[in-house]
Amino acid sequence: MHTGLFHSIDFNAEGRQDGFLSIPFSIDRSPYFQVKIPIVRIKNGKGPRLLLMAGNHGDEYEGNIALSRLCRRLDAASIRGEITILPFANAPAVFAAKRRSPLDGGNLNRLFPGDPAGKPSARLAHFLEHELLPRHDVFMDLHSGGTSMAHMPIALMERQGNTEHFTRMLDLMHALGLPFGFIAENGPDAPTSLGAAGRAGVIGLSGEFGGGGTVTPLSMRSTMAALDNLLHALGIVSSPVLLDRFEVAEMRLLALTSHDQAIYATRPGWYEPARDVGEEVRAGDVAGWYHDFTRLDAAEDVLHFSCDGVVLSQRLHTMCEAGDCLVQVAVPYS
Ligand SMILES: [Zn+2]
């Protein structure tokens with residue numbers, strides 16, 4: 001009664017079920033409180049089994065909005081196979097507009113494989129990796145840069161699994177039809193949802209679609225195009241659900257392979273970027289300027305990129321502390 005995670009979803013049942021993942025967690029204002037995480041499950045016969053998730057981080061809205069819309073538009077008759085949708089996975093974080101859950105400080109995407117006896121975010125991570133992911137063939141987890149960061153819209157996967165698994169994952173990432181794709185090297189023990197997918201033997205995909213604690217017409221369109229293309233590529237639907245038509249771009253692959261591709265703050269200061277996310281840059285180009293408002297007499301530092309590539313993400317909050325990532329450049333994948 002006071003531990004674990006429970007739900008009423010029957011994964012063998014045909015048709016649509018709307019329910020909650022419930023996590024008991026006693027708090028000051030509610031002694032018998034349960035975290036309530038909405039879950040939609042739709043099954044129509046045998047077919048591909050897809051798990052869609054947003055709200056891994058609570059201040060990344062494209063996925064919340066697109067999956068909410070998808071939940072409203074889909075029923076059993078409109079699909080073939082199985083879809084499970086978690087539009088607000090770490091719900092306490094989403095409803096507080098925070099990256100991490102205010103209930104337990106949990107950053108869900110650093111908590112896998114989770115802990116069944118831990119705090120709510122860790123219990124959720126354990127349930128996802130050990131119970132929910134293994135019931136599916138393909139998993140897509142939707143992200144953005146969050147409140148403090150702008151991110152170029154980009155499909156994302158981690159190098160997980162054997163060659164056959166990796167190839168299938170790469171093919172499906174291309175099928176998302178976004179202009180850019182990114183392959184991360186986080187290793188088989190990664191505490192991320194994609195690490196969890198790899199350990200569960202599931203094809204894991206993700207995407208970063210925007211940032212700044214908001215959405216834009218471009219970030220929403222990219223998200224919805226990727227979801228329509230994924231549903232189509234898997235054979236779950238035959239016509240687009242979220243957009244009027246399928247929008248498919250040729251994908252260019254990028255990678256982060258070295259710490260030199262990022263510029264970090266090493267002291268408190270104020271960051272002025274010179275370039276926008278998505279721009280092509282060359283080694284030696286000015287990346288921006290770093291100011292010290294407490295030293296009006298001191299010239300600003302000029303920051304330079306150290307490699308050729310595309311600006312992948314950039315800090316949006318001007319005021320910085322040592323350790324803040326200011327800008328990242330992705331290089332062509334080889
Ligand atoms: Zn995120």
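Is Phe 293 buried or exposed? At 56% relative accessibility, Phe 293 counts as exposed, where exposed means over 50% relative accessible area, buried under 20% and partly exposed in between, with a 1.4 Å probe and protein chains only.

## About the model

This is a predicted model, in which local features need pLDDT of at least 70 and side-chain atom pairs count only at pLDDT 80 or more, while totals for chains, interfaces and linings use all residues. Residues are numbered from 1 along each chain as its sequence is written, and side-chain values use heavy atoms, with hydrogens and water left out.

## Aromatic pairs

Searching the whole structure turns up 2 aromatic pairs. Rings of Phe, Tyr and Trp (its six-membered ring) pair if their centres lie within 6.5 Å; planes under 30 degrees apart count as stacked, over 60 as edge-to-face and the rest as tilted. Phe 88 and Phe 95 make a tilted pair, 5.7 Å centre to centre with 55° between the planes. Phe 88 counts as buried at 18% relative accessibility, whereas Phe 95 counts as exposed at 65%.

Trp 270 and Phe 293 are stacked, because their ring centres are 4.3 Å apart and their planes lie at 10°. This pair links distant parts of the chain, 23 residues apart: Trp 270 belongs to strand β12 (residues 269-273) and Phe 293 to the loop between β14 (286-291) and β15 (301-304). Helices (H or I, at least four residues) and strands (E, at least two) are DSSP runs, numbered from the N terminus. Trp 270 is buried, with a relative accessible area of 17%.

Now to strand β7 (residues 154-158): 5 of its 5 residues are buried, so the rest of the structure largely encloses it. Ile 154, Leu 156 and Glu 158 are buried on one side, and Ala 155 and Met 157 on the other.

Strands pair if DSSP finds at least two bridges between them. β7 pairs with β9 (residues 203-208) in the antiparallel sense over 3 bridges, and Ile 154 stands opposite Glu 208 in β9. With β8 (residues 180-184), β7 runs parallel, joined by 4 bridges.
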